[in-house]
Amino acid sequence: MIYLRNVVSLELDRDKCTGCGVCLKVCPQGVLARCGDFVQIVNQDACIECGACAMNCEFDAIRVRSGVGCAAAVLNVMLGRTSTPCCGSSDDSCTTSCC
Amino acid sequence: MPSEDSIRETQSPSFDQCFVIDSLETLAGSVPVIDSRITRIDNLGKIKIRLGLNRMGYMIDPGLYALGRPDSHSPVLLSANYKLSFDNLRSVLPGRSVWLLVLDTKGINVWCAAGKGTFGTTELVARVASSRLADIVDHRTLIVPQLGAPGVAAHQVQRQSGFRVIYGPVEAKDLPAFIDSGNRATPEMRRKTFTLKERAVLIGVELSIVVKYGIMVGLVMFFLAGLGWAGNLWSNVVFHGTLAVSAFVAAIMAGAVLTPLLLPWLPGRAFSVKGLTAGLCLAALHGAIWLSAAAARTNHLEIGGWMLLGPAFASFLAMNFTGASTFTSLSGVKKEMHFALPLEIGGALIGLTMIIVARFVT
């Protein structure tokens, strides 16, 4: 299943990419693929912005505004209940099914 | 009071936990040996979790555990101290000898904890040190669940602990095949799915959250819905109250049950649109039933109001399912909420106005 189109913040810097391929192993959505000596974004809309690729890129070649795609979390931040985007009420850090 | 350092120094998981069956002596002290079998108590706990009961208190002690009779060559698998994650992991490894290193994620599953950073490089490196893993195994390899990767920087772990991180499969059930093939994952093992079954088990928790507030709201609605109409008060409360509560239940069913189940087949990409569709279908069905069953007494404006308020609420509930789903992004959710939330609130307010006005229009 694919969520909304053309909204994901994932960017890959080909000049920094060494083609080590660790990002291919950590991506749970098949967003990236090997293309010769480098890695390429092949399915941008499938990206869930979990940040696994950027976190594990030793060469800082991947940029993504990572977070959890959870409406309750966004709502909690909007209502000022939590400072960090997480789900659930203020008394438990996380109570809904997302975390 | 001992200092925090000395607690960490001597920290070992409790042997009193019900899945611990033995003790294994190592160069770094005694390590609890655990059973790979899942008991009735474990299953009962799992059912409670899936119904949204006691979700926060379901944790085990962090630290190093032994499954089977592991030695200095046995693989080391990482997990979170959410009991459901831990049970899932040990249950897929019967007859194997492995070390399980459980991180302290405050009882949160691996993926969510990784997103929050509690399943992360700092905790991992600290736990490797406090469990004295380097004294127990000869190799320097850790098998970390792939879904832990958002919190763990493999290169940093290697630099700070000397252990190399190998990312295992997304699902614990693929671990035996992964280990047997020399720590190699097939492309399928690396993908997070969201099957009908995976969506269905989430419904209990979705509903439990709604029911927590819904019973109160439903009761208030039942009585308020009957006020202000011409004629006998109690007869009005029973008639319009039942109409209101049934419309409310239909909206909950649409948003928290039908939408998760029918997710791939409902039109639209935004969850709010999917929920709106499901909500409109059930609201139309609800309206049709009332109009045919009690045509003389049913007010068209009131039914019309519920056909706006119900789907608006269903749409909102469906949007909340983004958090439980596995394929939504934060940027996408923000975009969706930006257009959907005003429409949901607007639709609900117009619907509510129609329902209130209905009693003054004959």
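Among contacts in chain B between residues at least 6 apart in sequence, what percentage join residues at least 24 apart? The figure is 66%, two residues being in contact if their C-beta atoms, placed from the backbone, lie within 7 Å. This is a predicted model, in which local features need pLDDT of at least 70 and side-chain atom pairs count only at pLDDT 80 or more, while totals for chains, interfaces and linings use all residues. Residues are numbered from 1 along each chain as its sequence is written, and chains are lettered from A in the order in which they are written.

**Chain B**
- Chain B has 14 helices and seven strands (DSSP runs: H or I of at least four residues for helices, E of at least two for strands, numbered from the N terminus).
- Its radius of gyration, taken over C-alpha atoms, is 26 Å, well over the 21 Å from the globule rule for 362 residues, so chain B is more spread out than a compact globule; the rule is 2.2 Å times the number of residues to the power 0.38.
- The C-alpha trace of chain B spans about 85 × 40 × 40 Å along its principal axes.

**A:K25**
- A:K25 is found in helix α1 (residues 22-26) of chain A.
- A:K25 counts as partly exposed because it has 19 C-beta neighbours inside 10 Å; 20 or more would be buried, 12 or fewer exposed.
- Not counting residues up to four places away in sequence, A:K25 touches B:Y167 and B:R190.
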